[in-house]
Amino acid sequence: MSLLQKERDVITRNEYADTFDFAEIENFIANAPKELFITHHFKKRDRLLVQPRGGFPTYKKMFELYETFMGADIDVLPLTVDSNTRLNDYAMAQKMLRLSEENEMDMLNGYPLVNHGYRTTRKMITHFNKPVSLRHGTPDARLLVETALASGIFEIEGGPITYMLPYSKNFPLDKAFLYWKYVDKVCALYSKLNEPINRESFGPLTATLVPPCIVIVIQLIEMLLSLEEGVKSFSVSFSQNGSMMQDIVTSNVLKKLAREYADTFGSQDAIINLVYHQWMGAFPRNKELSDQLINTNTVIAAMVRADKIIIKTRDEAFGIPTMQCNAQSVANTKYTLRTLKGLPVMSDAEEEENLELEVRALMDAVMNDPADTLWRKVFNTIKSGLIDVPFSPHIINHNAVITIRDDQGNIRIIDKGKLPLPERCFAYEKSKVNLPESKTEVINKIIHDIGAML
Amino acid sequence: MSKLLIDVGSTYFKVCQQSGINQYFRDFNKDIFDDLLNKCGDIFSNYAKEDIYICSSANGGLSTLIIGLTNSFSLKFAKNIAFNSGINIIDTILYHKIDEAKAPGELIDVVILVGGIDGIANVFDEKLFHFLRNVHYNNIVYVGTKQDAMFLSENIQELKVLGNIITEKLHVNGGELKEYLTNLYQADIVGKEDIKHLYAITANQIYSTPYIVNRSLPLIDANFDVVNPFIVVDIGGATTDIHYSRDLVRDNIVSESGFDRLVFKKLGVYKSRETLIFAAKNNEFVYELLAYLNVTENILEEESEKALRILMQLSIFLVLYKVSRLHPLYVTLHLEQLKTVVLTGGITKVLSYEEAESIMQFFYKKVLGLHAIPNIVMDYEYAIWTLGMQNDTASRS
Amino acid sequence: MKVVTGVVGNDIHVVANRLIDISLQARGFEVFNLGVNTSLEEFIDAVVETDADILLISSLNGEAEGWCRDLQFLRSEYNLREDVIFVIGGNLAVGEANQDDIIPKYRSYGFDLVFHQVDLNTGLDELERYVKERA
């Protein structure tokens, strides 16, 4: 038995999980209908796939949610897990699930997938016969992902950086790399049986004034880490940042460099997709205005030629949306996309050249680290502040980079911390902004820029 | 190119060649070198001095006293660095309580003084010198604020001053102190007459065993059926070492290796037998535990093979108890997330897998309320140290 | 002047925390930011290690109340300098509460300045004024 299989036996042997029958699971995946694989839909490249977020504690309510989504002609179903499961606290998830079932009240903010188990969940997934995407935020997602794949969930979001730096203060980053390596290995293993399993990175990060060069570098790194383990389909992603032009520039550079780096690292056969997240910052408390913001986002998603869009709802400012509200948002987005025709192809040579230079400089810093493995190079680079995510709570992150918006809404770097940006790039960034004289005003502008959509 | 690896323990010699590991019970009437030569002399003749690597835990480790300004920074950082440098015996004193503190009776190998970020001054005063007058120590090192270094050097003879272990962002910077302590430990090992002679057969530096084990941890899961997060429990005659994956504990230290070490200094089945029994008798679970093992309290006073096994089971229980949330001291490990327990050291020669499993089941059910237990790996051959040694040879060549 | 700052309890409110950090720096303070999820003992210990002049704690979910009661005890335990200024700000109560109840309560826990639902710059202006008056 291989070491990986032995490890899988240990990981899946858990008090709160189903007893795993790997032979049966392999058989299920090998014979699963193509419709369940998002990769099958990506291949057609005939439309922008629409996916909301959503998860309820009980099977019954989750089933209702999916039924409601199906009524809105949904492309990709979401499965968002609860926060106990994200912290691997299955005992608490179990307790809260029981309470939710007994009291018809939602005591969890998502679906406790491990506790429900794959045998139960698979019935629901196969019933709807739509691709399902797993959304979580877990540094150690080994058991969760095993359960998801066995359930028929063939798209796994997350990564060692994008699910760590925005959410955790002190989970050791080196361990997160190790645990995501396992996830990628298992995804790669199952990818040989049928259509490939899709891995997706979480580009929005902290969703707070993160400059495009940081987003792109982290997307490229997580892509390379997955491809290294044999993953054959990967989605890079980012979220609306507040300037349509900067989104287009980001998309053009990200697409170009993702392909280039994948090829250079020997993954010419890997499929790379682009996912666009609607605005991930604070939403207005006015629902009509929220609808407008969502609609604008949909237009930009089409402009950046994304393969999938992850949408928000008009209830965003108020917590977990009702299923009806969520489904309405899917229907609205689909309508906008259906009626939006004849989009121009846009680019900005100067901006793209500058962004590309920045990204290459940061990638060089990673690759030039003397460590012998890619993940260790990345670890060292983050630890030394050469990669720095604004507004991350994690103790390893330097938090020295300061960004602000220019008059066009573009996010610009005004303090580069230890980012190894070429002088000319940094000069370009700074030349775009007119900083107020008073430092207090600069802070006020940053506060204003964070809440750009309020 | 094959190498010969030798671990000199307090009870056994372990000798590792390509063909496998052999163990030899030590003859305490003999000098270590003579004993080793007597038992394995013919093996040495097959290897060049450059290909023989030795580590030792026979000297029992260094004793340390740490005096620091706060729990969350000075003491926590210094303890972390000391444990990871292979230092065993640690007492700590919070500086603002130094007036009430009692000086340790025994001779201390190294006193560590720490407090304050660089830039602040007058952290330490007369109280420190007064206290130190009653402490017997061989070495003393200062790793606190730069501004106090001069003042302390003027008042403490032979004070070694190193870079501050607390950075200006209040993070840990352990490099210099770790190197100093590791070297001190090395010097202590080779300073022992017995060990010094071993340089007759090796051209390589002799390391301490805890240091070597720590180095092997990142390699373990690739070589054994060990799944992260894991702990390695080394229950010895005098002390118990525990090495653990850092994701089992959530403290705000950015570390290098992903693993930390902790030592229980008076928990062992031979030399520390008395304190082990004392701790066991005072544990809230002891009667249930003895009933579960189907023995009575009297067994603890017996000198039988059976008593030894029970004692070892008790020690596994106590170690886990001491790092569980029921015992909030230096660290609390999230044992419910633990995937593997590696048992190594003397106990693997006595306890069966079933006996280890049964005590783990008791612990998990009683203390954590869980029925599923982590995977248990018995390091029967005490092979973990060979990984760290081999790694050492690989990185040097 | 040196300021130790951070967020108490289980508040994951890193944006506010980072903005306070940048704002204090912009006003010329030397900042030691302990980030989110900081315990009271860590706060006090950081003041001791840095010999800070000000401790500025933020709390956004009304979680501060539970443990702020230990403040006086820890303060005397460590023999902290008498002139360290203790400030707390953010959303200090769970649910509706009025300023007249909250401010005296937190004062009695040992805080010199209490900002309940006060905007960042207004709070920091007041802190600077307070520092000047005391000097």
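Chain C averages a pLDDT of 89, and 96% of its residues score at least 70, where pLDDT is the predictor's confidence in each residue, from 0 to 100. This is a predicted model, in which local features need pLDDT of at least 70 and side-chain atom pairs count only at pLDDT 80 or more, while totals for chains, interfaces and linings use all residues. Residues are numbered from 1 along each chain as its sequence is written, and chains are lettered from A and ligands numbered from 1 in the order in which they are written. The model scores ipTM 0.93 and pTM 0.92.

Two contacts between chains are set out below; two residues are in contact if their C-beta atoms, placed from the backbone, lie within 7 Å.

| Contact | Residues from one chain | Residues from the other chain |
|---|---|---|
| Chain A with chain B | 17 residues from chain A | 18 residues from chain B |
| Chain B with chain C | 13 residues from chain B | eleven residues from chain C |

On the side of chain A that touches chain B, helix H1 (3–12) and helix H10 (173–191) of chain A are the elements that give two or more residues, and the largest share, four residues, comes from H1(A). Helices (H or I, at least four residues) and strands (E, at least two) are DSSP runs, numbered from the N terminus. This side of chain A holds seven nonpolar, three polar and seven charged residues, whereas the side of chain B that touches chain C has six nonpolar, seven polar and no charged residues. In these classes Ala, Val, Leu, Ile, Met, Phe, Trp, Tyr, Cys and Pro count as nonpolar, Asp, Glu, Lys and Arg as charged, and the others, Gly among them, as polar.

Within chain A, the axes of H1(A) and helix H9 (residues 142–151) come within 9 Å and cross at roughly 95 degrees; axes are lines fitted to C-alpha atoms, for helices over the stretch in contact, and angles run from 0 to 180 degrees between N-to-C directions. H1(A) and H9(A) are therefore roughly perpendicular to each other, a term for angles of 65 to 115 degrees. Arg8(A), Ile11(A) and Thr12(A) of H1(A) meet Arg142(A), Leu143(A) and Glu146(A) of H9(A), a contact with two nonpolar, one polar and three charged residues.

Chain B contains an open sheet of five strands in the order S3-S2-S1-S4-S10, with mixed pairing, where two strands pair if DSSP finds at least two bridges between them. Strand S3 (20–25) and strand S10 (207–208) of chain B are the edge strands, each pairing on one side only. Strand S2 (residues 12–17) of chain B runs antiparallel to S3(B) and is joined to S3(B) by six bridges; Val15(B) has Asn22(B) in S3(B) as its bridge partner.

How values were computed. Parallel < 35°, antiparallel > 145°, perpendicular 65-115°, else oblique.
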